[in-house]
Amino acid sequence: MKKVILSDSLFREAVIKACERENELIDKMAEKEPEPGFSEKFREKVMRLCEDAEDIKEAETTVHPARKISRMSLRIKIVLIAAIIMVFGSMTVVGTDPMHQMTFKMFEVGFPNHTDITFGEEGGSTIEINESSGIRTYDPADFLKRLTWVPKEFELDTESVYPDMCVLDQFYVYIDPKGEWHQITYTQAAIENCGGTSITSDGKPGKEISICGDTGYWYTDESGYRNIVMEKDGLMYVIGGNVETDILVRCLASAFERVPADEGGIPPAGNAVAAGFPRKFKWLPENYVLESKEEYPEWAAYEYRKEGTLYDYIRYEQIKIDQSTWKVAEDGNQIREILVGPERAYLRTDDEGNFPKIILAKDGVEYRVSGDCEVDEMIRCLESALDMTEEN
């Protein structure tokens, strides 16, 4: 991975080229994209909302063609860097057989208190990436790579995984006897989806550092906070913290060379959650897939979405009861008792019976399920998490 520090003139020229290129891409995508589809259930909800609004006035409107953002269009985020590479004029493509594997050049722009880092294709930016082009930016098999070592006093406080975007975020924390906070943050992300990152720094260029034979760059801000940024096989790795650089290096290296337990290694998920918490869905309606998840010591949330749709989703949350602030008679919504397996639960809806949410408390944990699917399907999802069957 090569690094380039941009001059002001080069950056201005790249912005102009990027705007032109992005407009061309948007026009091409608009021609190819079909009209978005909406379920009858969604249309009915929108109509009710419009009918209930008190301040709706008749007026002439301009009809604009509908557009939707697809996963492929997220690559527009790296158009600016692609334009920068066009300015450099390099047009060779480094490839592997049978598919071309992109290599990336790293661009950094320093500011007084932070540095913006972005990535562009090493061999030029004129190739349009799609499933038939033979170009790939990363191998999904390289995701997830969790840390397998941190200093023993650190505990995993938060882990967020977004499999649809290939993004992993971890946050480790340690409070010393003086009450001072120490932290380590770690991110793995597909460059084609995120384009880059912004990190705290003193604005100075990053210094080269080796991680398992690959080159990364480390940055320090005026308070002593350190960050290391590395690109490998189309994935970006960022680790930071108010700890020494050699500790960050060892932590990041553990993502590639697993540290066994007898050498101080940690299990993949760390100790973010207690045994039996959280409890996951074991059944989902057809075509629903996990889109994102967040896990904390006291709370967990999961978002499932139906493949090929924009609005069909299920949200599932678990929270320790002593952390919950929800009350049954909340916000004037309609509440009625229902059964989830043998357990009593509550179904909350609006006055029209829309926007259902199921709330159930069991063994010190509150479970909440809401979404766009049928209530019976939400009940079955929750029953599967709690190991209930129809015979119960």
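**Exercise 1. Find which residues S292 touches, and decide whether S292 is buried or exposed.**

Solution. Leaving out residues up to four places away in sequence, S292 touches V161, Y162, P163, A301, Y302 and E303, where contact means heavy atoms within 4.5 Å. Finally, the relative accessible area of S292 is 16%, and buried means under 20%, exposed over 50% and partly exposed in between, with a 1.4 Å probe and protein chains only, so S292 is buried.

The model is predicted, so local features need pLDDT of at least 70 and side-chain atom pairs count only at pLDDT 80 or more, while totals for chains, interfaces and linings use all residues. Residues are numbered from 1 along each chain as its sequence is written, and side-chain values use heavy atoms, with hydrogens and water left out.

**Exercise 2. Describe the largest nonpolar core and the surroundings of L147.**

Solution. A nonpolar core is a set of buried Ala, Val, Leu, Ile, Met, Phe, Trp, Tyr and Cys residues joined through side-chain atoms within 4.5 Å. The largest one has 30 residues, and those with the most contacts inside it are L147, Y172, I184, Y186 and I239. Its largest share, 5 residues, comes from α5. Turning to L147, and leaving aside neighbours within four places in sequence, we find contacts that include Q170, Y172, Y186, I239 and C251. Apart from this core lies another, of 25 residues, among them F277, L360, V365 and A385.

**Exercise 3. Classify the aromatic pair of F154 and Y174, and say which parts of the chain the pair ties together.**

Solution. The structure holds 5 aromatic pairs, and rings of Phe, Tyr and Trp (its six-membered ring) pair if their centres lie within 6.5 Å, with planes under 30 degrees apart counting as stacked, over 60 as edge-to-face and the rest as tilted. For F154 and Y174 the centres are 5.7 Å apart and the planes make 50°, a tilted pair. F154 lies in the loop between β5 and β6 and Y174 in strand β7, so the pair ties together parts that are 20 residues apart in sequence. At 7% relative accessibility F154 counts as buried, whereas Y174, at 23%, counts as partly exposed.

Terms used. Helices (H or I, at least four residues) and strands (E, at least two) are DSSP runs, numbered from the N terminus.
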